[in-house]
Amino acid sequence: MSAEGEQYGSSEEEDMYSDDGQEMEEDEQGEAPAAQAQPVLGPKEWVGLASMPAATQQALLNALGKLRGRNVNEMTVIFIGKQGVGKSSTVNTLLNERVAPSSPFQPENVRPLLAGRMAAGFTLNVLDTPGLLEGDSVSARGLMALRAALNGRKVDAFVFTDRLDTWRVDNADRAIFTALAENFGAELWERTILGFSHAQTTPTDGKPYEQFVAARVEQYRAAVRSTLGMKNLALPYVLIENGSRCKTNGDGEKVVNDKPWVTDMVSTMVDVASVGEGYEYDHSKAGKKLDPNNKHKIWILPLFLIQVFVLRPLLIGQIKRDVKKAESKAKGKK
Ligand SMILES: Nc1nc2c(ncn2[C@@H]2O[C@H](COP(=O)(O)OP(=O)(O)OP(=O)(O)O)[C@@H](O)[C@H]2O)c(=O)[nH]1
Ligand SMILES: [Mg+2]
């Protein structure tokens with residue numbers, strides 16, 4: 001977290017983002033086209049805030065005001081998780097703008113995306129990242145995109161997003177928990193909020209809603225803590241409902257279980273942001289394992305050398321001896 005505005009577009013990787021949250025097109029060489037290579041970078045006025053219900057606007061400004069009270073004028077949050085769990089939709093709902101592409105049918109964004117928004121002298125930076133799963137394994141591409149998003153930037157809170165209505169934490173999920181810790185350090189998890197989308201789900205087991213939520217949250221927390229061997233991880237949680245049928249209260253605010261959830265989410269982010277100095281990606285400590293499928297590649301060269309310099313000469317020697325034997329046998333017969 002920093003009290004001063006960061007430089008946008010100051011690094012090579014910054015070219016991956018645009019200031020309005022739209023992904024930049026790639027040309028055939030995979031580079032940003034010249035016309036867009038140097039967009040006017042920097043946070044924009046948070047126009048979406050003005051069209052939120054007055055009660056939400058006030059509550060958000062109050063929540064962010066807690067940081068301003070500590071002389072901090074900026075907060076950076078980043079959404080991570082598998083494909084299709086609602087990361088982009090949540091970014092859009094949070095900013096009340098359609099900045100991130102979202103689709104029910106296919107993985108949407110393959111590159112990270114940054115949207116910086118200013119209101120009342122405060123800058124909120126929101127980052128959306130591509131899904132972290134490819135087939136049944138952790139996506140190396142997803143991890144690389146996340147690294148690009150983290151590089152050179154202090155992050156105040158991560159929102160690890162998943163659906164409330166999925167009743168599983170499987171091996172692929174656990175592999176993602178581990179890959180994040182291995183590649184980006186366990187500190188990432190100390191700044192992580194669990195974000196459950198589809199929170200307007202009706203409990204299927206007939207349990208009261210609160211119990212249903214508590215069970216899913218505890219299941220998730222236990223899985224993360226046990227996978228990482230970090231039993232004291234706090235892992236606060238927030239409930240999210242991006243659907244157009246999200247209930248609203250008398251003030252027109254989107255609510256889940258009667259609570260205005262956007263405000264609740266931002267307050268939780270502020271609480272996490274208020275602790276310590278924020279997360280910074282440490283290149284030297286992590287990053288060598290970005291390809292989770294790379295683990296055994298270290299053996300390729302030694303095995304190749306053994307094959308060329310040991311096995312092959314042995315085999316050729318044996319073949320020569322066999323040929324000689326066969327020839328002398330044939331001579332003997334004559
Ligand atoms: N009902 C409901 N639908 C949601 C919610 N969040 C997301 N969706 C829908 O789920 C689908 C996927 O959502 P996205 O926001 O694109 O998911 P994502 O995590 O960004 O996916 P990738 O970019 O592919 O990693 C879209 O059709 C959304 O409309 C939610 O809270 N409630
Ligand atoms: Mg997305």
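Mentor: Start with axes, which are lines fitted to C-alpha atoms, for helices over the stretch in contact, with angles that run from 0 to 180 degrees between N-to-C directions. Helices (H or I, at least four residues) and strands (E, at least two) are DSSP runs, numbered from the N terminus. This is a predicted model, where local features need pLDDT of at least 70, side-chain atom pairs count only at pLDDT 80 or more, and totals for chains, interfaces and linings use all residues. Residues are numbered from 1 along each chain as its sequence is written, and side-chain values use heavy atoms, with hydrogens and water left out.

Trainee: At what angle do the axes of α3 and α9 cross?

Mentor: Helix α3 (residues 54–68) and helix α9 (residues 261–273) cross at roughly 0 degrees, and their axes come within 9 Å. Angles under 35 degrees count as roughly parallel, over 145 as roughly antiparallel, 65 to 115 as roughly perpendicular and the rest as oblique. The two helices, α3 and α9, are therefore roughly parallel to each other. Contact means heavy atoms within 4.5 Å; among the residues that make it are Leu60 and Leu64 of α3 and Val266 and Val270 of α9.

Trainee: How is a pair of aromatic rings described?

Mentor: By the distance of the centres and the angle of the planes. Rings of Phe, Tyr and Trp (its six-membered ring) pair if their centres lie within 6.5 Å; planes under 30 degrees apart count as stacked, over 60 as edge-to-face and the rest as tilted. The whole structure has 10 aromatic pairs. In one, the ring centres of Phe160 and Phe177 lie 5.7 Å apart with planes at 70 degrees, so this pair is edge-to-face. Phe160 sits in strand β8 (residues 157–163) and Phe177 in helix α6 (residues 171–184), 17 residues apart. Together with Trp189, Phe196 and Tyr220, they form one aromatic cluster.

Trainee: Are Phe160 and Phe177 buried or exposed?

Mentor: Buried means under 20% relative accessible area, exposed over 50%, partly exposed in between (1.4 Å probe, protein chains only). Both Phe160 and Phe177 are buried. Helix α4 (residues 87–95) is mostly covered, with eight of its nine residues buried.

Trainee: Which strands stand at the edges of the sheet?

Mentor: Two strands pair if DSSP finds at least two bridges between them. The open sheet has seven strands in the order β1-β3-β4-β2-β8-β9-β10, with mixed pairing. At its edges stand β1 (44–45) and β10 (237–239), each with a single partner strand, so one side of each has no neighbour in the sheet. Strand β9 (residues 192–197) runs parallel to β10, joined by three bridges.

Conventions:
Chains are lettered from A and ligands numbered from 1 in the order in which they are written.
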